[in-house]
Amino acid sequence: MIYTDTVKLLRECDAGTKMAVTSIDEVLEKVRDTEMKKLLQESKSHHEKLGDEIHSLLNSHGTEEKDPTPMAKGMSWVKTNVKMGMDDSDATVADLITDGCNMGIKSLNRYLNQFKAADHKSKDISTKLISIEEKLCKDLNKYL
């Protein structure tokens, strides 16, 4: 049970980091404020670094990475493009990324509760990912 919960939690974290990087990439070139752009680039880097750590752990468990579901990616893309088409301001970018962070935080907390038997390392990674998302939300508040 510990092994399967560990792998399941790591795979969900993997999908989450990939979704975050993709979402940031979708809006990054539209950001006008240099400080906000720097903030998003740093967060993207944190997500990528944690993603690399997750990939290494998944490999050590002999399992594959997990991509976000096509439905989640598609819905995110549509929402981003519709909102940015109506208003391509930095406030809209902050709103979109904050929504994504909040969904990620909610999902990760659900997975932590669902996969209780996961090992300490995978729970730490989940908590670290939640912290990255929470920090990004807080940092983006001034752009809303």
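User: Why is Lys83 called partly exposed in this predicted model?

Analyst: Lys83 has a relative accessibility of 29%. Buried needs under 20% and exposed needs over 50%, so Lys83 lands in between and counts as partly exposed.

User: What makes Lys83 and Asp95 a salt bridge?

Analyst: Their side chains meet at 2.8 Å, N to O. The cut-off is within 4 Å, so the pair qualifies. Lys83 sits in helix α3 and Asp95 in helix α4 (residues 90-114), so the contact ties together parts twelve residues apart in sequence. Asp95 is partly exposed too, at 28%.

User: And how do you know that Glu12 is buried?

Analyst: Its relative accessible area is 17%, and buried means under 20%, so Glu12 passes.

User: Which residue does Glu12 pair with in a salt bridge?

Analyst: Lys66, at 2.6 Å from N to O. Glu12 is in helix α1 (residues 2-28) and Lys66 in the loop between α2 (34-60) and α3, so the bridge ties together parts 54 residues apart in sequence.

User: What makes Glu53 and Lys121 count as a salt bridge?

Analyst: The closest N and O atoms are 3.3 Å apart; the limit is 4 Å, so that's a salt bridge. The pair links helix α2 with helix α5 (residues 120-140), 68 residues apart.

Terms used. Residues numbered from 1 in each chain as written. Predicted model: local features only at pLDDT ≥ 70, side-chain atom pairs only at ≥ 80, totals over all residues. Heavy atoms only, no water. Helix = DSSP H or I, 4+ residues; strand = E, 2+ residues; numbered from the N terminus. Buried < 20%, exposed > 50% of the residue type's maximum accessible area, 1.4 Å probe, protein only.
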